[in-house]
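Visitor: I am new to this structure and would like to learn how to read it. Please take me through it feature by feature.

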Amino acid sequence: MALLLIVLSLVAIAVLAIREAPLWQWGVAALVIGLMSGIDLEVGYRLTGAGLVLALLPGIVLLLLSLAPIRKAVVMRPLYGVVKSMLPRVSRTEQEALDAGTVGWDAELFSGRPDWSKLTAIRPLTLSAEEQAFLDGPTEQVCSMINDWEARHNLADLSPEVWQFLKDNRFFGMLIAKEHGGLGFSAQAQSMIVSKIASRSVAAGITVMVPNSLGPGELLEKYGTSEQKERYLKRLATGLEVPCFALTGVHSGSDAGGMRDIGVVTKGMYEGREVLGVRLSWDKRYITLAPVATLLGLAFILKDPENLLGKGEHIGITLALVPSDHPGVEIGRRHYPSRQAFMNGPTTGKDVFIPLDYLIGGTAYAGQGWRMLMECLSTGRAISLPAIGTISIKQSLRVTSAYARIRRQFGMPVGMMEGVAEPLGRMVKNAYVYEASRRLTASMVDEGQRPAVISALLKYRTTEAMRDTIDDAFDIHGGRAIQDGPSNYLFGAYMATPVAITVEGANILTRTLMTFAQGVLRAHPFLYREIQAVQNPDKAHGLEQFDQAFGGHTRFMLRNIVASFLHGLTGGSFASSPAEHEAGRWYRQLHRYSQCFALVADWITVSLGGALKARQQLSGRMADILSELYLMSAVLKRFEDEGRLAEDRELVDAIMADRIAALEGKFGEVFANFPNRVMANAMRVLCFPLGRHARPAADRVNNRYARAVLQPGQFRDRMTTGAYVSMDPDDVTGVLEDALLKVTEAEEIEARFVKAARKGVIERRLDRDAIADAVAAGVLNDNEAGIMRAADAATERAVRVDDFDPDKLAAEPARRAAE
C-alpha cells in the first residue's frame with residue numbers, strides 16, 4: 001500500500017505539473033493522497049484525530065492558498081518585497097529596447113513546449129515576379145560590372161560606373177515604398193539582392209546594405225512627418241540623396257546611455273529668421289557612407305532646460321536628419337576599415353543650430369530615438385548582416401569546391417583527401433544551415449515581426465561562421481589564397497570579415513551581454529511581467545499583477561522540472577513533433593532540448609537576478625544554446641519547405657547530430673560554471689538523468705557530401721544558391737567554373753593517364769609533352785588528348801597567382817598617401 005501510494009503521488013505530481021494545473025487542483029490531489037495514506041489493507045482505515053488532520057493539512061493549506069485574498073496576505077505580500085530586491089531593474093534604454101522588438105519563435109523556444117504551428121506557418125522563401133526579375137536583371141548586371149581588386153586596391157572606392165548604376169536602378173531605395181519612388185521590395189528580396197552583390201564584393205554589398213538597413217530611409221518611412229517623407233524619400237530612392245546614420249560616438253558604442261552628443265532646445269537663426277530649434281554638438285565615428293553622404297542622420301541626447309517643448313528638461317535620445325552641407329556640419333577624413341572600398345568616416349559638429357523640423361518625426365518623436373533605432377535595427381539587422389555572412393560562406397564554398405577538385409596533390413584532387421574533406425564538409429554544412437536561417441528570419445520580417453533577439457543571435461552566429469568558413473577556405477587553397485592580386489577571389493572577403501563581426505555591436509558583446517539577457521526578458525513567459533509588477537509605482541495594482549505572474553511562473557517551473565526529467569529519461573521519444581516522416585525524430589529532439597533550455601534559463605535568471613548582467617560568460621553560453629536551437633529550427637524548416645529532398649536527408653541528419661552534440665557541450669559548460677553547485681547538479685540530473693551522450697556526425701558521412709560538392713551539378717548549386725556565377729574563363733571566379741567543367745569532362749581520361757604514369761609508361765616533365773607521349777603510347781587518342789589539354793590549360797589558369805613589379809607596389813601606396 002505504501003509503494004502504491006508513492007507511485008500514485010508521483011503520477012499525480014507529474015500530471016498536475018505537466019498540465020500546469022491551478023493551485024486548487026493540487027489541493028484536491030493532496031487531500032485525496034492524505035486520505036489514502038490512512039488505508040491499511042489488514043486493519044482498514046487507521047487515521048483518526050490528530051493523525052487525520054496532519055495527513056490532510058497539506059491539502060487544506062493548498063486549498064486555502066488557492067483563495068486569492070488569503071494567498072496575497074500570507075504569501076504574496078512578503079514575497080513581493082523579496083522578489084523586488086532580487087530581480088534586475090530595467091533602465092529606460094533597456095525598456096525602450098524591450099518594447100521595440102517582437103517575440104515569435106524565440107518565445108516558443110524559451111517556453112520549453114514549442115507550438116510547431118508557429119514555425120510551420122512562416123512562409124517559405126517567396127519572391128514576386130518583379131523581385132525575381134530585378135535579381136536576374138539589374139543585380140546580375142551590376143555584379144558583372146564590379147571589380148573587387150580595382151575597387152579595394154586602386155580606387156579605394158567603387159567605380160563611378162557602379163555608383164551611377166546603383167543610383168539609377170534604385171538599389172538604395174529597396175525598402176522605400178513605391179508611392180515614395182522606391183522599389184518597395186520584401187525583406188527576402190533585399191536580403192537576396194545584397195547577398196548576390198556581396199558575393200562579388202563585400203564592400204559593394206555593404207554600400208547597398210546600409211541605406212536599406214539602419215538608415216534615414218527606414219526611419220522616415222516609419223516615423224517621418226508627411227513633409228519629411230515628401231521632401232526626402234523619392235530623392236533617397238533615386239540616389240539624388242545619399243544617406244548615412246551617425247550613432248556610434250568616440251565614447252559610446254553599444255552603451256547608448258553613455259552618449260555625450262547633446263542637443264539643447266533653444267531659439268536661433270535659420271534662413272534669416274529666429275525659430276525654435278536645437279543647438280547640437282556631436283562627435284561620431286565609424287559612420288558608413290559618411291564621406292559621400294548628402295543627408296546625415298544623427299542620434300543625440302536632447303535636453304530642454306526651459307521646457308520649451310513641454311516634455312520636461314531631460315527628453316532623452318532623439319534623432320535628426322541634417323543636410324551634410326548645413327552650416328557647422330563637418331564630415332571628417334575617411335576611415336579605412338580593413339582596407340575595404342566602402343565609404344566610412346567620422347563626422348563632428350559644434351554648436352550647430354537646426355530647426356525643429358529636422359527632428360525625424362518632429363517634436364512628437366523627440367525623446368523616442370532609442371526605441372525608433374531599436375525597431376529599425378531589429379529588422380535591418382535581421383536582413384543585412386545575415387545576408388553578408390551567409391553569402392560569404394556560400395561563395396567560399398563555391399570557389400573552394402571548384403579549386404579542391406581542380407588542384408591535384410599526390411596524384412589526386414586535394415578535395416578527395418580526408419584531411420581536406422573535413423573542413424570542406426564543415427563548409428557544406430555551414431552553407432546549408434546559415435542559408436536556412438537567413439531565409440527563415442527574412443520571412444519573419446516580411447510577416448511583420450521585428451525579431452530583435454533572433455536578429456542579434458543570427459548576426460553573431462552568421463558572422464562567426466563566416467570567419468570559420470573563410471579560414472577553412474584559406475587552409476584548402478594554401479598559397480593560392482594568400483597571394484593578393486586581381487585573380488585572388490578570397491582575399492577581399494577575408495579582409496572584410498572583421499568588419500562584419502564588429503559592425504552593429506561587436507560579437508563579443510552581442511553574444512555575452514545582449515542575446516540571452518534581453519531574450520530572457522522578452523521571451524520568458526512570466527519574468528518580464530513579474531519585473532513590471534514589482535516596478536509598478538501603484539503597489540496595490542503591482543501586487544495584483546505579481547500574484548498572477550508569480551502563480552503562472554510557479555506552474556511553469558514545476559512543469560519544466562517534470563518534463564525535462566521525463567524527456568531526459570526517454571531520450572525525447574514522447575516529445576511533440578509536427579511531422580511523422582523521417583525528420584520527426586529531430587523535431588522531438590528539438591522539443592526535448594528546448595525544454596531543458598527553458599528550465600536552465602529560468603533557474604539561472606531567478607537565482608542570479610540582477611547579477612546576471614555581470615555573469616557574461618554564463619550568459620554567452622546560454623546565448624549559444626538558444627542560437628543552436630534556432631539554427632536547428634531553421635534547418636528543419638528549410639528541409640520541409642524544399643520538399644524533403646532525398647539527397648539532403650543525410651546532410652540534415654549530419655547537421656542535426658552536430659548541433660545537438662554542440663548544444664549538449666554548452667549545457668555541460670553551463671553546469672560546470674554555475675556558481676551554486678547544488679542547483680548546477682540538480683539541473684544536470686533533471687536535464688540529463690542518463691548523462692550526455694550526443695555525438696557529431698561520423699567522418700564517412702561528412703566525407704560523402706564533401707565529395708558530392710566537388711562535382712558540378714544540382715547539389716553544388718543548391719548549397720551555393722544566391723551567389724553570382726560567371727562562366728567566363730577571363731573572369732576572376734569564372735576561371736574556376738570553366739576549369740571545373742573541363743576537368744570533370746576529362747575525369748575518366750585523366751584517370752587512365754595517371755594510371756599510365758604510375759606504371760612508368762609516361763612521365764610528367766616540364767621538358768616533355770606528356771600528353772603527346774600518351775598518344776604515342778596508345779594511352780589516349782587524339783580527341784581525348786584535346787580534352788585533356790583543355791583541362792590542363794584551364795587548370796593552369798585557375799591555379800595561377802599574381803605577381804607584381806616591386807617598384808609599382810611601392811609607388812601605389814605612396815601616391816595614394818600623397819593624395
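**Reading the model**

Guide: Start with charge: the protein carries 91 positive and 93 negative side chains, and the centres of the two sets are 5 Å apart. Lys and Arg count as positive, Asp and Glu as negative, while His and the chain ends are not counted. A charge is placed at NZ of Lys, CZ of Arg, CG of Asp or CD of Glu. This is a predicted model, in which local features need pLDDT of at least 70 and side-chain atom pairs count only at pLDDT 80 or more, while totals for chains, interfaces and linings use all residues. Residues are numbered from 1 along each chain as its sequence is written, and side-chain values use heavy atoms, with hydrogens and water left out.

Visitor: How many helices and strands does the protein have?

Guide: Helices (H or I, at least four residues) and strands (E, at least two) are DSSP runs, numbered from the N terminus. Here there are 33 helices and 11 strands. The radius of gyration, taken over C-alpha atoms, is compared with a globule rule of 2.2 Å times the number of residues to the power 0.38. The protein has 31 Å, close to the 28 Å that the rule gives for 819 residues, so it is as compact as a globular protein of that length.

Visitor: What percentage of the residues is buried?

Guide: Buried means under 20% relative accessible area, exposed over 50%, and partly exposed in between (1.4 Å probe, protein chains only). Of the 819 residues, 55% are buried.

Visitor: Which residues of helix α27 are buried?

Guide: An α-helix has 3.6 residues a turn, so residues three or four places apart point the same way. In α27 (residues 699–708), the buried residues are Val701, Asn702, Asn703, Tyr705 and Ala706. Their cover includes α16 (418–446), α25 (646–673) and α28 (714–719).

Visitor: Where is Arg334, and what does Arg334 touch?

Guide: Arg334 sits in the loop between β8 (330–331) and β9 (344–355). Contact means heavy atoms within 4.5 Å. Not counting residues up to four places away in sequence, Arg334 touches several residues, among them Ala156, Pro291 and Phe342. A polar atom of the Arg334 side chain is 2.7 Å from the backbone oxygen of Ala156. Arg334 counts as partly exposed because its relative accessibility is 32%.

Visitor: What is phi of Arg339, and of Asp351?

Guide: Phi of Arg339 is near 55°, a positive value in a residue other than glycine. Arg339 is in the loop between β8 and β9. Phi of Asp351 is also near 55°, but Asp351 lies in strand β9.

Notes. A polar contact is a pair of N or O atoms within 3.5 Å; within protein, one must be able to donate a hydrogen and the other to accept it, and residues adjacent in sequence count only if both atoms are side-chain atoms.
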